[in-house]
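Reader: I am new to this structure and would like to learn how to read its features one at a time. Could you show me the general idea each time, and then the case at hand?

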Amino acid sequence: MTMRRKMAAGNWKMNGNSAALSVISELVATHTAKTDTDIVICPPAPLLFRGSESASASPLAIGAQNCHSAASGAYTGDISAPMIADTGATHVIVGHSERRDACGETDSDVRAKTIAAWDAGLTAILCIGESAKDRDAGKTLDIIAAQLSGSVPDHATGDKLVVAYEPIWAIGTGAVATTQQINEVHDFIRKRLVQRLGDDVGNAIRLLYGGSVKPANAAEIFKCDNVDGALVGGASLKAEDFTPIIQALVAS
Ligand code: PEP
């Protein structure tokens, strides 16, 4: 059986200024021990340098929330994967539904960003997930299959890729998916990754659940077989909320 390290990743979205760096310091001070769980904080881009400095020499890792697919060039306002790596960050979220929706990112954009992340030595946390309309129409697994085949590059490995299943209807809504829904989709993602990439790679890629994960529901979600951790939005903004989620994952 493939042993996968677990991962608790926090997506701060467009929240937090330099005062929020104290949250990273608090997490660094709390999580000193090496465990089987990776902890990643993805603050807004202006905090990447200082966040990486605060987390250096700790088990905490820092990630960005997006990157451009080009390494440099005339792309005003964008940041590239090598620039992210230069801050000391080691991870980047790609294909978050808020970017797919608000910025029109397609599966092929997400695929290109993932390759750019790998070229810069970053681990990509690639998000997929269905809308409420897709789910109501019974299309969830078709959407997931299409997103996986369109956005996961062929040369994926367990070190470089983490897939986050985030049903859009559960993000920031408090409407967490049931463990039955999570199991169905995570088992399906695992099966698809194994079919496409083979046993070793398909079983090594970590699968995170995201969508209204809170201290009160985390332990139940982490009992699901193919859930290796969580991508957490709102509850990652305060150390007092994120820490019990991390502890529930370590204990799972
Ligand atoms: C997210 O932004 O990826 C997310 C899952 O948000 P929340 O935990 O707030 O639903």
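Reader: Leaving aside its neighbours within four places in sequence, which residues is proline 43 in contact with?

Author: Contact means that heavy atoms lie within 4.5 Å. Beyond its neighbours within four places in sequence, proline 43 is in contact with Trp12, Leu48, Ile62, Gly63 and Gln65. Before we go on, please keep in mind that this is a predicted model, in which local features need pLDDT of at least 70 and side-chain atom pairs count only at pLDDT 80 or more, while totals for chains, interfaces and linings use all residues. Residues are numbered from 1 along each chain as its sequence is written, and side-chain values use heavy atoms, with hydrogens and water left out.

Reader: Where is the place of proline 43, and is proline 43 buried or exposed?

Author: Helices (H or I, at least four residues) and strands (E, at least two) are DSSP runs, numbered from the N terminus, and proline 43 sits in the loop between β2 (37-42) and α2 (48-55). A residue is buried under 20% relative accessible area, exposed over 50% and partly exposed in between, with a 1.4 Å probe and protein chains only; proline 43, with a relative accessible area of 1%, is buried.

Reader: Which residues does alanine 156 touch, not counting residues up to four places away in sequence?

Author: With those residues set aside, alanine 156 touches Trp118, Leu161, Leu197, Val201 and Ile205. Alanine 156 lies in the loop between α7 and β6 (161-165), and with a relative accessible area of 5% alanine 156 is buried. The C-alpha atoms of alanine 156 and leucine 197 are separated by 7.7 Å, although these residues are 41 residues apart along the chain.

Reader: How should I read the way α5 and α7 cross?

Author: Two packed helices are described by the angle between their axes and the distance between the axes. Axes are lines fitted to C-alpha atoms, for helices over the stretch in contact, and angles run from 0 to 180 degrees between N-to-C directions. Here the axes of α5 (residues 107-119) and α7 (residues 140-151) come within 7 Å and cross at roughly 45°. That makes α5 oblique to α7, since angles under 35 degrees count as roughly parallel, over 145 as roughly antiparallel, 65 to 115 as roughly perpendicular and the rest as oblique. The contact is made by Asp107, Ser108, Val110, Arg111 and Thr114 of α5, together with Ala146, Gln147, Gly150 and Ser151 of α7. The crossing is right-handed; a crossing is left-handed if the near helix is turned anticlockwise from the far one by less than a right angle, and right-handed if clockwise.

Reader: How many disulfides does the structure hold?

Author: A disulfide is a pair of cysteine sulfur atoms within 2.5 Å, and the structure holds 0 disulfides. The sulfur of cysteine 103 is too far for a bond, because the closest cysteine sulfur, in cysteine 67, is 13 Å away. Cysteine 224 is likewise in no disulfide, with the nearest cysteine sulfur, that of cysteine 127, 18 Å away. Cysteine 103 is partly exposed, with a relative accessible area of 46%, whereas cysteine 224 is buried, at 5%.

Reader: What is phi of serine 212?

Author: Phi of serine 212 is near 60°, a positive value in a residue other than glycine. Serine 212 is in the loop between β7 (206-210) and α10 (215-222), and at 8% relative accessibility serine 212 counts as buried.
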